[in-house]
Amino acid sequence: MALLEIRNLHAEVDGEEILKGIDLSLDTGEVHAIMGPNGSGKSTLAKVIAGDPGYEVTDGEVLLDGNNVLEMEPEERAREGMFLGFQYPVEIPGVSNTYFLKAAANAIRKHRGEPEVDAAQFLKHVRERMQLVQMDESLLKRPVNTGFSGGEKKRNEIFQMAVLEPRLAILDETDSGLDIDALRTVSHGVNALRSPERSFLLITHYQRLLNYIVPDTVHVMVDGRIVKSGDKQLAIELEESGYSLFEEGSAA
Amino acid sequence: MMEAVAEPKSVYLQDFQARDRSAEPAWWETRREAAMQRFEAAGFPTRKVEAWKQTRLGNVTQEHFRPAPAPGSLGGAAEQRLAVVDDAVRIVLVDGILDTGRSDLERLPDGLRVRTLAAALQEDGGVAEQHLARHADAEPHPFLALNTAFTTEGTVIEVTSGAAPEQAIELVNIMTADSAGVASWPRVLIHGATSSEFTVVQRHEGADGAAYLTAPVTEVIAEANCNVRLFHYVDEGDSGSHLGVIHATLDRDAQLYAHAMHAGGQRVRNDIYVNLDGPGASATLNGLYLVHNGQFSDIHTWVRHNADHCSSRQLVKGVLEGKSESVFDGLIQVAKGAQKTDAEQENRNLLLSPKGLAHSNPRLEIYADDVKCGHGSTVGQLDEAAVFYMRTRGVSEEEARGVLTFAFANEMLDDMPLASLQTYEREALISLLPGEETVRKLL
């Protein structure tokens, strides 16, 4: 059974249909990339899977381990092992990174029936994970994302993912706007977390990311539908030909 | 003329004329008479009076509140909260009546003199005669006038030149469950001599269920280079009304740090007047109101730059829960000639429910030309993107809202210089929040 199974997913925002029937199957341990032009619905797909209440699902199913995710609150999805790395990470003034992560880790542990994290052990775990993304330790005490640079925010997303160890990580344009050094760091963090027990869904606008994180499967999304799927070679072809090949009217 | 004669006397004037005045000095009686006349001439404000148009006085103006014949009994919870500030000089009023047993005026440090109002009134040419009701009473405020007319209980604090007592002075005002219909008129006079430095904490707390009125007035006179820290904490009962005044007059280079928190009460209004009368004086006013469902909270500030090179900072935040209402009305007035004024004012409100109503009225009156004045005001709800962000990390919606609300309000408590009071106020904030348990763990 696939870890994530999406069947005929339709979703809209303010009455406008954005997702027009998505089918996707992601097995445990796999990395899939979704590419597509602006406005194709890539980010909407990420948010709908994570449960953003701003979107309305009008048809279809999203299953995690065979369980219907659409009936779960966003926090339940997270506790079931789902993680969404935001395209635009939100600033939370007044709540320090460490406290926030501890609350998140404890919420997940409680859901699994495990005891709360031991403060000292948790700090050790956090420090190890910071090194993965070469994040400065001073950022731990700072309020979540507040006053962070664009690159620091994206690193912080990967850092949070590394601490929370999800089964399914959906990374929404984590590479956008990163300089090459930051991209390498972020990619290193993701690659280090690849494992047979963990799956990734990478949403990206740029093929460049896939030079650093090599996907098992690439999907091309245009106008709310997945129009083609293939191996990493597809991404390279896309880089050369552009999306126009797949866009309406020119497909023939 | 005939109509004026025929006009009925207010119940308060009748009370005023009927009271025993034998023990009071003549100068005080004169000031009381003047105050009573001011009240009688203006009466209680209607909604047509600009400064009171948004204040929900409700039936406060119809009820006839009288001083308690004897203090009621404290509940166990109130008993536990008598002493909050560590190692403080303490005066306790219960239902507006001095409780000598619970007060602690022993061990006064050098340079600090704390007396009851009654004792200070007996001193010829003393600080009371020089200052009491000679500053605040310039303001046209009905409850201030009534306080001057009726106060019998209060505290007079004097700090001598250059003294910096480490002990804070904690004035505790408790209204008991037996205080229905009771009026409490506590009066505090604070005189800081040149270059003195000290901290005064005032707490007003009341039991639920009793419809009482407390109308405290605090008059602060800060001489040159004096540094006053003033904390004001209000958590009245759910039927209690609190209509208070803090009035500070600052001479040159004097500094005032005032911190007010409204944590509860059916209706709470505080008017904070600051007269920056000498060059280089500065004032910081920090305020936080947490307004529960069905309650009303109001902070009026009146900051007057009357001399050059003065600065003022006002930051007031509000959190409104359920169907509640708040007012922030803030004046910055810069007199002609008060050049190089540096004044800022900000009011930010967070509505936790669409039924909350927050009024925010900045008022700037600037008559000098070389000044820096800024103001800002916002009324908003929690950032839904931040709520969703937290939820995708496994934090429940309720907890996310609690944490974000805490973070918003806690900014006002974060750098409070008095740790014991900070803990106390933070606890009051947390107990109001959804997802209380998680927020507590985050600290």
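Is B:His309 buried, exposed or partly exposed? The residue counts as partly exposed, because 18 C-beta neighbours lie inside 10 Å; in this scheme a residue with 20 or more other C-beta atoms within 10 Å of its own is buried, one with 12 or fewer is exposed, and those in between are partly exposed, with C-beta atoms placed from the backbone.

**Before selecting further**

This is a predicted model, in which local features need pLDDT of at least 70 and side-chain atom pairs count only at pLDDT 80 or more, while totals for chains, interfaces and linings use all residues. Residues are numbered from 1 along each chain as its sequence is written, and chains are lettered from A and ligands numbered from 1 in the order in which they are written.

**Stop 1: two loops of chain B**

Remain at B:His309, in the loop between strand S16 (296–305) and strand S17 (311–320) of chain B. Helices (H or I, at least four residues) and strands (E, at least two) are DSSP runs, numbered from the N terminus. Although B:His309 is not a glycine, its phi is positive, at about 60°.

Next, select B:Asp95, in the loop between strand S1 (89–94) and strand S2 (97–98) of chain B. B:Asp95 likewise has a positive phi, about 50°, without being a glycine. With 28 C-beta neighbours inside 10 Å, B:Asp95 counts as buried.

**Stop 2: B:Ala183**

Move to strand S6 (residues 183–184) of chain B and select B:Ala183. This residue counts as buried because it has 23 C-beta neighbours inside 10 Å. Beyond its neighbours within four places in sequence, B:Ala183 is in contact with B:Phe65, B:Arg66, B:Pro67 and B:Leu213; contact requires C-beta atoms, placed from the backbone, to lie within 7 Å.

**Stop 3: helices H8 and H9 of chain B**

Select residues 384–391 (H8) and 397–410 (H9) of chain B; these helices pack at about 125°, their axes 9 Å apart. The axes are lines fitted to C-alpha atoms, for helices over the stretch in contact, and angles run from 0 to 180 degrees between N-to-C directions. H8(B) is therefore oblique to H9(B), since angles under 35 degrees count as roughly parallel, over 145 as roughly antiparallel, 65 to 115 as roughly perpendicular and the rest as oblique. Display B:Ala386, B:Val387, B:Met390 and B:Arg391 of H8(B) with B:Glu397, B:Ala400, B:Arg401, B:Val403 and B:Leu404 of H9(B) to see the residues that make the contact. By class, they comprise six nonpolar, no polar and three charged residues. Here Ala, Val, Leu, Ile, Met, Phe, Trp, Tyr, Cys and Pro count as nonpolar, Asp, Glu, Lys and Arg as charged, and the others, Gly among them, as polar.

**Stop 4: chain A against chain B**

Show both chains: the contact takes 22 residues from chain A and 19 residues from chain B. On chain A, helix H2 (74–79), strand S7 (92–96), helix H3 (97–111) and helix H6 (150–164) each give two or more residues. H3(A) gives the most, with five residues. The chain A side has 16 nonpolar, two polar and four charged residues.

**Stop 5: chain B as a whole**

Buried residues make up 53% of its 443 residues.

Terms used: Contact = placed C-beta atoms within 7 Å.
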